[in-house]
Amino acid sequence: LLSLAKVTLRQGSKVMALTIIVGLLILVLAAVPVAAVLGTLSFVLDHISMGGSLTPALAEIYWDKSKEFILVAVPMFILLGEIMLRAGIAQRMYGAVIQWISWLPGGLMHANIGSCTIFAASSGSSVATAATVGTVAYPEIEARGYNERLFLGSLAAGGTIGILVPPSINLIIYGLLTDTSVPELYLAGIIPGIVLSSLFMLAIFVACVYRPAWGGKKVETTWAQRIKCLPDLLPPILLFMAVVGSIYGGIATPTEAASIGVCMAVIIAAYFKTLNWEMMKAAFEGTMRTTAMIMLIVFAAIFLNFVLGFMGITQAMLNFIRDMGLTPVQTVLLIIVFYLFLGMFMETLSMMLTTVPIVFPIIMALGVPEFSDVWFGILITLLMEAALITPPIGVNLYVIQGIRLRGGEFNDVAIGAIPFLIAMLGMILLLVAFPNIATWLPTLVYH
């Protein structure tokens, strides 16, 4: 905002600069839709700085971006998650995961993390992951006497994994914004996703060893029951292998792989006898609503980035960072703090769309081979995950609050997510200290 003010001041209008800043804050705080805020800001800045000369280019910009084949993957992956939710695949999966990992201190909370990780490997959406697993798991809090705050926190945090492991919708959009290979980004997200899930489970383990009563009643099971439920784990595993395997087997692009996943999900729904017109109608309606929301934000942000580029914001930011005389690591840490603060007040997708075109060139200008475009894609995704469970705007916190049938204070979910937010910050620092966590696998496969 300060950079925007400086640029606008150079245009000779101090009052207008303040108007833009105050107006933007008022629109955000008034809960005006993000796409409307971004679009309004774009047109205002264009008319102030460029006399409205950029607006005629709007149609050509949108046409060029809308033709991007990779964007077709977004509604496909959303539809895949919708079918999994409405066909009962997620419920069966959760029941199977319970049998295998609920023996750990913390019981079903480990199943929450494990189920979210498996579901995320098929849906690509954090909100869908949190809502799906949360809806299935929530009744167990009272039934087994779990600490409600920690249980709810595990659901909110587990859902964030949906945008890190492939197939991630956010990584597709990041690849579009930065011209980074989506298959490489998908590979880069696998190991950090597994490590982050393990850190979440470690947080549950430590909490329940410290306070055993938080872990609820132990789930009694036998090896016969575990073996019997294995078929319920096959659908999400098969979907993951079909989607990701087809990409790295050279059979399909990410967009084509998403279509393959949808076809397999329909077949699985038919196998379980849950495929019907009402189910598919609800899945298509949910997909259309979510896709329309995402694309409206994406295209509004694309035009804003176009305007900011002409105004010289990116170069101004580069010069500002360079003049501070920071080391590359200090610069990265400064950017991390910036995103953690921004994540308290902005929705993750809009935050990524509005900041990545400015911050990405700064990272690339550091000249550190380890801080590559692929590495930064995973770092920015982790920061988006942190924003999802950071109040007051953390979306996953509201999703989990929304499934609480008995009601309760929002603070319960926010406080319960704190141990997992700490674990996530630890993961972010690990990625800065050891960039190979993200880059080793794509380097092994592609270089």
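Start with helix α14, residues 234–248. Its 15 residues, at 1.5 Å each, should span 21 Å, and the end C-alpha atoms sit 20 Å apart, which agrees. The expected span is 1.5 Å times one less than the number of residues. Helices here are DSSP runs of H or I, at least four residues, numbered from the N terminus.

A word on the source. This is a predicted model: local features need pLDDT of at least 70, side-chain atom pairs count only at pLDDT 80 or more, and totals for chains, interfaces and linings use all residues. Residues are numbered from 1 along each chain as its sequence is written, and side-chain values use heavy atoms, with hydrogens and water left out.

Back to α14. Its buried residues (under 20% relative accessible area, 1.4 Å probe, protein chains only) are Pro235, Pro236, Leu239, Ala242, Val243, Val244, Ser246 and Ile247. Down the helix axis they fall within an arc of 160°, so they line one face. That arc uses directions from the axis to the C-beta atoms. Just after α14, glycine 250 takes a positive phi of about 75°.

Now salt bridges: a side-chain nitrogen of Lys or Arg within 4 Å of a carboxyl oxygen of Asp or Glu. The count is two.

One joins glutamate 82 to arginine 86, at 2.8 Å between the closest N and O atoms. Both lie in helix α5, residues 73–86, four residues apart. Glutamate 82 is buried at 13%.

Arginine 149 and aspartate 412 also pair, at 3.1 Å, N to O. Arginine 149 is in α10 and aspartate 412 in α22, so the bridge ties together parts 263 residues apart in sequence. Aspartate 412 is buried, at 14%.

Definitions and conventions
Helix = DSSP H or I, 4+ residues; strand = E, 2+ residues; numbered from the N terminus. Buried < 20%, exposed > 50% of the residue type's maximum accessible area, 1.4 Å probe, protein only.
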